[in-house]
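Work through the exercises below with the sequence and the model at hand. Each task is followed by a solution in steps.

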Amino acid sequence: MAASEERYSPSSWDNASDNQHSLHQRNAYSVVSGESVATNGGMPLSPTKSDSTPRSSVESPGRYSSSQMREGVHAGASEGTGTIESVALVDQGFDESVLRALCKLNCGIPLLNDRIKQSLASCKEAVTFFKKRAMLEEEYGRNLHKLARATNDAYATSDGKAGSYVSAWHSALRNHEQIAQNKMQFAARLHEMCEDLNVLIKEVDKNRKVSKDMSNKYEKSLNDSTTYKEKCKAKFDATAEELERLLMQKEGEPYRDTPVQGRSPGGVGGKRAIGKAVAKGGMLLKGRNPGNLQRQEEDVRARMSRESDAFRDAAHKTQGIRQEYYNFQYPRLLRALKECVDEIDLGLQYHLIRYGFLCESTVLQDGLTLTPLDETGSSPAFFYFTMPTDEWIEAPPGLKATLEAIDNRTDFNTYMQSYSFTHEYASNRGPSRDDRDDDILPPIPPPRVYNAAQITDRGRPTFGVDLAEQMARDDVDVPPIVVKCCEALEKYGLESQGLYRVGGPQSKINKLKEMLDRDLESVNLDLEEWSTDTSNVTSVLKMWFRELPDPLFTTNLHRAFIDAAYIENERLRHIRLHERINELPDPNYATLKYFMGHLHKVTQYEAVNSMGYYNLSVVFGPTLFGPAPHNPNDQTNGIADANAQNKAVETILEHYTDIFVDENEEA
């Protein structure tokens, strides 16, 4: 009994409380909420062990807790200075309402343990992805840097051109080296993030296990105390039953005729109910001597008093342990586990946001390497501002500007002068210009230069003429050249492999274009010259669309079509493109309807010509959209929207019947 009381003494909780305090002892781990990045390739600093002093920080001596992690880094650079401004990822402060809700649940600790395991699994997947991405970027950067260096060294020993070309070539290779350096810096930042996340995973998992062990210890103590109380209660009930039997024997009543027999779980005579009492000295059946019965009664009453006191003490101690566990230890364990949940969730979110910033920063640095911007950020730069020295210095030209600076004419003149000076009087020079038989031979006539202006225009021009203008001039609903070419292709070319994708010889394309532009009605596309090779007709038709002053989808609606094509939801993208088509001018709408009907027929022969929706969209996406409108903020010149252009044409072709064909009209 003394051993049991010592085992459940309240002092046992003191050690548990001391162990619980260890959950809040964490290693140093500071969070940087403001990071500075330069426009020449800077990356956000690591959230741990930062060497540079940030503009603002929330550093503390202890490892970052859930409250610190709520102050994350927003991956955005302010315009002009390149400073990353911090914003709160979530509201600061522990969510007490969630803790109160967890306290009402019997499964609060298993719930939080399983949630932490889910978060740890997600964090490990993110670490795996970051690690593989870092390896890819590192390998790409090293190979690109190695290629640029090897090419630069090889050109020095080759017989390549000199002059402005070699300067531009070396400058372009230096641009590639800078891009490779950006990739390797990106990979290094990803490796740092992987290390930080691995440390976070180990710490959170360790704290989770400590909390779980403490919970198991507290629950075991409570269960043991409850079991001991039940044993005391069983002893008290047995002693009470023994006393009741003794009193009945004393009054001379037979035991088998009393209600006590009904309470006994044993057989006839109730021997099983009081077996233990008889074995421990009960003298109920040894005789009916009044003195013996009195001594037996006093002995049983004394034992019953001791069992009652033991049961009362066990009940009070069990109740105290239960109240202390559910009112104090249980909330503390839930709070510690909830802080682990917040720590791993917010830590993972912080690094994901940092990863997004690093991706944007790397792409931005590559773009600035290819096309540097001036101080206003709106045009290519010849100078840029440096943060350390606060001065403007000359910026290296971009890749496109560098290659455009090649002056082939000057290089050739320089080469010609150098070559003639070196080889003019060499022994292996060419035939002499002076010949004594020149006076009897007629002079060689100069080559005849073909002048397109000499060709008389006997028809109405159709290439390069505004769509609405030529349709009003010809008084037609669809341009005649579109009708003529589409009818010929549907007659002779629907089963041609790679229709519209394979081009014809440039000489025949120019010839057919000139004929159609001079006199459209007189051109007979049924002739063998055009019917046997429909690639000439397809090339001319695509050329006609490209030379429209205003593209078929119009410049005004260009951005609207692109935005609609970026919509991920298939149904919503179809609806938005349908709305944009309805906004087209009447000539553009009529031409688009006719031409999409023609392409719809082409797709019906996909098994033969291999031209389905996707292949046709790749061909006609840039053709029907034309060049992107000038945007000073767009450094890609619309190249990034090429996939959206193809997606728009593909969606329109897939839903041609829904967009253009009425219910009462046959497709």
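The model is predicted, so local features need pLDDT of at least 70 and side-chain atom pairs count only at pLDDT 80 or more, while totals for chains, interfaces and linings use all residues. Residues are numbered from 1 along each chain as its sequence is written, and side-chain values use heavy atoms, with hydrogens and water left out.

**Exercise 1. The chain**

State the secondary structure of the chain and its share of buried residues.

Solution. Helices (H or I, at least four residues) and strands (E, at least two) are DSSP runs, numbered from the N terminus. The chain has 23 helices and five strands. Of its 667 residues, 38% are buried; buried means under 20% relative accessible area, exposed over 50%, and partly exposed in between (1.4 Å probe, protein chains only).

**Exercise 2. Helix H13**

Find which residues of H13 are buried and where they sit around the axis.

Solution. Helix H13 covers residues 480–492. Its 13 residues reach 18 Å from the first C-alpha to the last, close to the 18 Å expected at 1.5 Å a residue (1.5 Å times one less than the number of residues). The buried residues of H13 are Ile481, Val482, Cys485, Cys486, Ala488 and Leu489. They cover an arc of only 160° around the axis, which puts them on the same side of H13; the arc is that of the directions from the helix axis to the C-beta atoms. Their cover includes helices H14 (506–518), H16 (535–546) and H19 (586–603).

**Exercise 3. H13 against H19**

Describe how the axes of H13 and H19 are arranged, and name the residues in contact.

Solution. The two axes, lines fitted to C-alpha atoms over the stretch in contact, come within 11 Å and cross at roughly 10°. H13 and H19 are therefore roughly parallel to each other (an angle under 35 degrees). Contact means heavy atoms within 4.5 Å. H13 contributes Val482, Val483, Cys486, Glu487, Leu489 and Glu490, and H19 contributes Tyr594, Phe595, His598 and Lys601.

Key
Axes are lines fitted to C-alpha atoms, for helices over the stretch in contact, and angles run from 0 to 180 degrees between N-to-C directions. Angles under 35 degrees count as roughly parallel, over 145 as roughly antiparallel, 65 to 115 as roughly perpendicular and the rest as oblique.
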